[in-house]
Number of protein chains: 2
Amino acid sequence: MAVTIYDIAKATGFSITTVSKVLNNYPDVGKKTREKILKTVDEMGYYPSSYARTLTTKKSYTLGVIYMESLGIGLKHSFFSAIIQSFKQVVELEGYDLLFIANKIGDEKKSYLDHFKYRGVDGVVVFSSENDDDELEKVIESDLPSVIVDLDSANTNVIYSDNYQGTEMALKYLMALGHKKIAHIAGHQNTFSGIERMKGFLKATKQLGIQIPPSYIVNGGFFSVEGGKEAMQQLLVLSERPTAVFASSDTMALGAMEAIKEAGLRVPEDISIIGYDNVEWSDYITPKLTTVKQNVDKIGADAAKILLNSINGKNASYIKEVVPVSLIKRDSCSEL
Amino acid sequence: MAVTIYDIAKATGFSITTVSKVLNNYPDVGKKTREKILKTVDEMGYYPSSYARTLTTKKSYTLGVIYMESLGIGLKHSFFSAIIQSFKQVVELEGYDLLFIANKIGDEKKSYLDHFKYRGVDGVVVFSSENDDDELEKVIESDLPSVIVDLDSANTNVIYSDNYQGTEMALKYLMALGHKKIAHIAGHQNTFSGIERMKGFLKATKQLGIQIPPSYIVNGGFFSVEGGKEAMQQLLVLSERPTAVFASSDTMALGAMEAIKEAGLRVPEDISIIGYDNVEWSDYITPKLTTVKQNVDKIGADAAKILLNSINGKNASYIKEVVPVSLIKRDSCSEL
DNA sequence: TTAGAAAACGAAAGCGTTTTCGTCTCTATT
DNA sequence: AATAGAGACGAAAACGCTTTCGTTTTCTAA
């Protein structure tokens, strides 16, 4: 059907070897020959077959991507889609395409790893905050170059935001405003960022010398608005109500704000709120949400660079990169 | 490196033909043979090479996806990422993987079409609202099966929301509330949805028998918050101010709301606002935004089905599917 | 003019599959 | 006992490319 290297050879009168050579910029081919072949390639609309090529070279210029859909968010989560976007932009420069796979081949359910090997990807990037996934673990421990975003692991390259710095910044800011009764709406504890931010909260709070009663730490579930709302309601009925709340995500912060409003209180006058993520709409809600911003562009781009280096054998050992975050001060916090 | 069909053949003492046959469920192989081979396949951790397989079968079980990044939104746009998500889920069932390509191979910039052919994809899905893209046109007009989302074309399968129905519903709703002075903040007119909603507005408004002065139609740019705000500001200085505004997107509606607030007016008491898209945060802002919801899940899933049918030669001619929308009534509109 | 070096080119093997068609061995039928 | 047919299996070609290594041609210098 499509025109092959043989057609070009026949049309030009040279051998397929020579055609292949000009296609791959080999030096040992005459100038006139090269020009003639190139011209014919163009005229006949020839393009090589990536399959045939990969079959012999063992290099597919394809990167596998996994993202966790288990929470039902997946691509819709702007945190991930933004990272993927910037990731894609840098790998493109090197000629790599992205393959989103299903974890089944044909009829049988196959593991991600098997599927990636089947597809012959050169490397894998995984976007996931979720701990303890067997399939994931197999990919990480395999010899396939990989980088994993927003999760820690000793067995491959990792990159994630500095959750400790983030919580600490938030806490310091709140304390600078005079708050001492600070509560934490935690993200799900099966999630890397949920755990880290919780730990960060505990640590920073100790360092900064403020006492946090256990009742000030409530679980907000899977980073949902509803979860944040319910968590806040628990906080609201406390005899000694917190004056500020640090939520592990903007969605939960939003839920918390709703709960506060429904209780007839105001943000930030009665209770200050600080979120995490700086999602698109955090600047649009009322009051505008003060939040910790993750550097998604840098995370995506650096993840790409790490993976590319790993593929090219330039990484001696596994890289662990922790990306700084920044505090976006808006209107949801006020002085006590 | 990896174990091939030859290794299985050698280990079991059968020929590669027979091995291949059991792998592909051919009937002419003995029961014991089949079992033995299957066992060895499992033990040796064999998986076929998709490249070798595709090379002979011409079937890659790979679908190309294009989405427009020109507006700088791309994957981040929740409208697209939600559709991709549901699209992916149905094609996965048939064993297809998704390939996100760059529009270059190696060093040279190549067209999407060339790249898709190079990669040997079985079909292409394009997510784009943008008219007049040359590269896109080439893909659409090619013999590659394709489906295009949120854009109209006579040369391939298309699927999009019923923008006429959407605008009409919005307008009727506004009129039922007593509004007659209704303005439109239009989306960019190089965009399919921008154009369609504008046309829909004109048409419905005529049918419903209300007069709209030209000054009531303002351009909101590329569906940005900023653009919506500026557009609203133009509306605000009119001698006869509209009492309701239909914006072509939630983002622009949000911008409009900001402009109104800054002008010291209130939504919906002074001006009613209705958006389009039902983005995640439209339920979270104050007041909660009344908006037209697109059925993204259905769009994605049906796009997948259409493409799959097209690949399997089941579509006699090109399909055009228009998906109904629904009106989400919230708090940003009130009776006049 | 000629030997040797450099430049151009091609033959062939190999990559890992699928698939057609042929061969061989049974079993069942007459 | 002979034979037709079914059941199992394998040889070999084909898919489209890359790459090594050898061969031929052309050029340079003595």
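The model is predicted: local features need pLDDT of at least 70, side-chain atom pairs count only at pLDDT 80 or more, and totals for chains, interfaces and linings use all residues. Residues are numbered from 1 along each chain as its sequence is written, while chains are lettered from A and ligands numbered from 1 in the order in which they are written.

**Chain contact**

Chain A gives 39 residues to the contact, and chain B gives 39 residues. Residues are in contact if their C-beta atoms, placed from the backbone, lie within 7 Å. On the side of chain A that touches chain B, α5(A) has the largest share, seven residues. Helices (H or I, at least four residues) and strands (E, at least two) are DSSP runs, numbered from the N terminus. β2(A) pairs with β2(B), residues 97-100, in the antiparallel sense over three bridges. Strands pair if DSSP finds at least two bridges between them. Leu99(A) has Leu99(B) as its bridge partner.

**Sheet of chain A**

Six strands form an open sheet with mixed pairing, in the order β9-β8-β10-β11-β12-β14 (chain A). Its edge strands are β9 (217-219) and β14 (326-328) of chain A. β10(A) and β11(A) pair in the parallel sense over three bridges. Phe246(A) is the bridge partner of Ile274(A) in β11(A).

Axes are lines fitted to C-alpha atoms, for helices over the stretch in contact; angles run from 0 to 180 degrees between N-to-C directions.

| Helix | Strands touched | Angle |
|---|---|---|
| α9(A), 192-207 | β8, β10 and β11 of chain A | about 165° with β8(A) |
| α11(A), 250-262 | β8, β10, β11 and β12 of chain A | about 155° with β11(A) |

Technical notes: Contact = placed C-beta atoms within 7 Å.
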